[in-house]
Number of protein chains: 2
Amino acid sequence: MGEGDGAPLRPWPLLSTEALADFVVFRVRRELSENPRTGEPHRFVVFEGSDWVNVVALTGGGELVLVRQWRHGTGEETLEIPGGTVDAGDPSPLAAAVRELREETGYASDDWTELGWVHPNPAIQSNRCTTFLARGCVRVGDPEPDGGEDLLVELRPAAEAAELVTTGRIRHALVLVAFHFWRLREKTLTR
Amino acid sequence: MGEGDGAPLRPWPLLSTEALADFVVFRVRRELSENPRTGEPHRFVVFEGSDWVNVVALTGGGELVLVRQWRHGTGEETLEIPGGTVDAGDPSPLAAAVRELREETGYASDDWTELGWVHPNPAIQSNRCTTFLARGCVRVGDPEPDGGEDLLVELRPAAEAAELVTTGRIRHALVLVAFHFWRLREKTLTR
């Protein structure tokens with residue numbers, strides 16, 4: 001089909017690897033790999049961290065459960081779907097998603113579907129982010145934010161999801177990823 | 001509408017900031033900020049880097065121009081749309097997109113539309129990624145990969161984009177972001 005279709009892509013022989021730093025969210029290492037095209041060594045930096053999850057959380061009334069929070073990377077408030085890291089104590093990505101939804105929003109669901117997973121940035125990160133759909137979400141208590149969080153829960157009609165993206169109210173790449181998985185699966189999901 | 005709708009989200013007072021490292025792709029700094037909910041200081045790590053661009057590149061025949069490459073974060077081959085960083089010499093994100101399309105694929109276009117931009121990870125990164133649509137792409141020469149690249153160009157019917165995602169052939173979060181912008185804008189784009 002395409003010009004490179006089916007042709008073998010050559011792996012890059014790893015020449016050396018070196019731990020550089022541990023920033024809690026990521027351990028950083030430098031790798032020296034040989035470019036199979038040129039035979040020349042080239043340095044790459046790799047950020048190793050936990051896997052992530054996020055949740056398209058819908059109430060029985062057709063509303064999205066969203067969170068507003070201060071994001072320190074950009075230094076501004078964001079509107080996002082709930083999510084976080086798969087911690088050492090989480091037996092699975094699904095368990096992490098259930099926990100994050102409860103902690104960040106106070107909502108719970110007994111109707112979970114895995115929508116898909118991505119590499120947030122395969123060029124420099126090794127981790128995955130898995131998106132879940134939680135339907136029939138109900139509020140079961142107060143949010144339980146950790147010491148690094150200050151959240152506000154916000155409900156929006158699910159039909160507004162596209163508008164939240166096109167107007168720029170939602171700018172987080174992994175939320176767009178979640179919405180994309182959700183749209184692609186919408187027709188095949190049982191109601 | 002939602003429970004937190006319209007309520008002011010409190011900013012986190014910045015208590016201190018400290019440069020930690022420079023990994024070329026990112027400079028890393030540690031910030032100490034006060035949680036406005038608890039009054040307690042909390043440490044955050046921020047990765048500062050260049051802005052990024054990517055391109056949904058379509059030929060006149062309705063094919064997507066894609067690239068296969070080895071990704072060192074995940075240690076495996078990926079299928080992606082063309083893209084890269086906005087370099088110091090690029091006068092704009094659009095100029096970077098035009099350059100990356102040409103360098104990575106050998107294709108060029110004179111019909112460009114900005115589809116939108118995201119924060120790849122507002123929790124820990126300050127940068128943006130802007131997605132462009134380039135229509136009527138034609139091959140004008142050989143790709144011109146840099147020393148850190150070994151690429152294969154692959155053409156796929158644009159109608160297969162959803163399938164490439166649902167089958168897991170495309171796993172790069174920012175490619176799903178680009179496809180999401182593209183789908184949301186499809187109906188309003190002039191043909």
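This is a predicted model: local features need pLDDT of at least 70, side-chain atom pairs count only at pLDDT 80 or more; totals for chains, interfaces and linings use all residues.
**View 1**
Chain A is superposed on chain B by a rotation of 180 degrees, with 0.0 Å of shift along the rotation axis. The RMSD of this superposition is 0.0 Å.

**View 2. Chain A meets chain B through residues from strands and helices.**
In this contact, 65 residues of chain A touch 64 residues of chain B. On the side of chain A that touches chain B, the strands giving two or more residues are β2 (27-34), β3 (41-48), β5 (63-71), β6 (76-80) and β11 (151-157). The helices that do so are α2 (161-166) and α3 (173-186) of chain A. The largest share comes from α3(A), with seven residues. Sorted by class, this side of chain A has 33 nonpolar, 19 polar and 13 charged residues.

**View 3. Helix α3(A) packs against helix α3(B).**
Two packed helices are described by the angle between their axes and the distance between the axes. For α3(A) and α3 (residues 173-186) of chain B, the angle is about 65 degrees and the axes are 8 Å apart. The crossing of α3(A) and α3(B) is left-handed. On the α3(A) side, the residues that meet α3(B) are A:A173, A:L174, A:L176, A:V177, A:F179 and A:H180. Their counterparts in α3(B) are B:A173, B:L174, B:L176, B:V177, B:F179 and B:H180. The residues of this helix contact divide into 10 nonpolar and two polar, with no charged residue.

**View 4. Three strands of chain B form an open sheet.**
Strands of a sheet pair through backbone hydrogen bonds, either parallel or antiparallel. In this sheet of chain B the order is β1-β2-β3, and the pairing is antiparallel. The edges are β1 (14-22) and β3 (41-48) of chain B; each has a single partner strand, so one side of each is left without a neighbour in the sheet. On average, neighbouring strands of the sheet are turned by 20 degrees against each other, direction ignored.

**View 5. Strand β2 of chain B runs antiparallel to β3(B).**
Strand β2 (residues 27-34) of chain B is joined to β3(B) by eight bridges. Across this pair, B:E34 stands opposite B:P41 in β3(B).

Key: Residues are numbered from 1 along each chain as its sequence is written. Chains are lettered from A and ligands numbered from 1 in the order in which they are written. Two residues are in contact if their C-beta atoms, placed from the backbone, lie within 7 Å. Helices (H or I, at least four residues) and strands (E, at least two) are DSSP runs, numbered from the N terminus. Ala, Val, Leu, Ile, Met, Phe, Trp, Tyr, Cys and Pro count as nonpolar, Asp, Glu, Lys and Arg as charged, and the others, Gly among them, as polar. Axes are lines fitted to C-alpha atoms, for helices over the stretch in contact, and angles run from 0 to 180 degrees between N-to-C directions. A crossing is left-handed if the near helix is turned anticlockwise from the far one by less than a right angle, and right-handed if clockwise. Two strands pair if DSSP finds at least two bridges between them. Copies are superposed by least squares on the C-alpha atoms of residues with pLDDT of at least 70 in both.
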